[in-house]
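Thanks for making the time. I have one structure to walk through today, and I will keep it short.

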Amino acid sequence: MSPIERAWRGARSDFRLHALSVFSVAVAFVCLAAALLVVVNVHGVRQRWADTGRASVFLKPAASGPEIDALERALGKTPGVAAVRRLTSDQARRELAGSSNDPIFDALPADAFPASLELELDPGLAPVRLEKLRAELGALPSVDSVQTYEAWSERLGALLTGGVTASLLLAAVVLGAVVSVVSSTIRLSLQRRRIEVEVLKLVGATDAYVRRPFVVEGAAQGAVGAVMAVVLLGTLFLTVRGQVDPSLFTLLGIEPMFLPWPATLGLVCLGALLGAGSALFSLRKLLLV
């Protein structure tokens, strides 16, 4: 009988014990997967804002047509600026309201959206040069403010660093939880099957032969728990996403995404490795190595 068949027979005999272990592992992995999901989406937002390659020059309501024309021509000749597009208040309102499909934006007057010059910047424009351009434009009498989105990128970078740190801490917690749960389950399972193990050893079975089905059981508990965590998190993700106002995604410039398949596969493999390692570790104290 193969180790997998022996493990399946043992799991069926202790179904409630193994089910409780899988549920405990799933709870631990939900916390880790949720932290990774936040990191993935924050990273996506940061990349979106960092790679916009644009800046918005918001104009004062009192700015005259000739002033705006002169500024537009000057920006078109400025090094580092690839293109300039003028956006009136009415056009800005229509674009935002049309992309969000939100009646609240439709009800806002055109004056709520300032006219602007949208700049498309050259790729790889040095931050120092961009900051200098922002300061020069901000000093003009017809310019109300300049948004380069660098500050948002820096804040998101700090948030991303915090998310990665939290994920590492949660990974350590998950490691301890899985090792504790699976080790306890395997030890209890071994005690319940002590007679079977003693009979196997009496007929000449090696410790490696005795350990294999328990290691398979531990790996299965970790992997199934991780899969359950991913499924549960995916369900919660779709539910919450359906309740969030789409206009928020429009403002962020990115649609929320679930964990990519490499991360999902990595979680399942991590669960299997932790489960197998925990089972092997617990058996070292009960069987001869």
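What you have on the screen is a predicted model. The protein has 289 residues, and 37% of them are buried. Its secondary structure amounts to 11 helices and four strands. The exposed surface comes to about 16,100 Å², with 67% of it supplied by carbon and sulfur atoms. If you take the contacts between residues at least 6 apart in sequence, 83% of them join residues at least 24 apart.

Now helix H3, residues 65-76. With 12 residues at 1.5 Å a residue, H3 should span 16 Å, and its end C-alpha atoms are 16 Å apart, so the two agree. Which residues of H3 are buried? They are Ile-68, Leu-71 and Leu-75. These three cover an arc of only 65 degrees around the axis, and therefore sit on the same side of H3. As a reminder, an α-helix has 3.6 residues a turn, so residues three or four places apart point the same way. Pro-66 and Arg-73, on the other side of H3, are exposed.

Next, the cores. The largest nonpolar core has 27 residues. Phe-29, Val-174, Val-178, Ile-186, Phe-214, Leu-259 and Leu-267 are the ones with the most contacts inside it. Helices H2 (15-50), H7 (150-192), H9 and H11 each give two or more residues to this core. H2 gives the most, with eight residues. There is also a second, separate core of 16 residues, which includes Val-57, Leu-59, Leu-137 and Leu-75; Leu-75 is one of the buried residues of H3.

Back to Phe-214 for a moment. What does Phe-214 contact, leaving aside neighbours within four places in sequence? The list is Ile-186, Ser-189, Leu-190, Arg-193, Val-197, Ala-279 and Leu-283.

Last item: the structure holds one aromatic pair. The rings are those of Phe-237 and Phe-258; their centres are 5.5 Å apart and their planes are at 50 degrees, so the pair counts as tilted. Phe-237 lies in helix H9 (residues 207-243), while Phe-258 is in the loop between helix H10 (246-252) and helix H11 (261-284), so the pair ties together parts that are 21 residues apart in sequence. Phe-258, at 23%, is partly exposed.

That is everything I have for today.

Key. Residues numbered from 1 in each chain as written. Predicted model: local features only at pLDDT ≥ 70, side-chain atom pairs only at ≥ 80, totals over all residues. Heavy atoms only, no water. Buried < 20%, exposed > 50% of the residue type's maximum accessible area, 1.4 Å probe, protein only. Contact = heavy atoms within 4.5 Å. Areas by Shrake-Rupley, 256 points an atom, 1.4 Å probe, with all protein chains shown as cover. Expected span 1.5 Å × (residues − 1). Arc of directions from axis to C-beta. Phe/Tyr/Trp six-rings, centres within 6.5 Å; stacked < 30°, edge-to-face > 60°. Core = buried A, V, L, I, M, F, W, Y, C linked by side-chain atoms within 4.5 Å.
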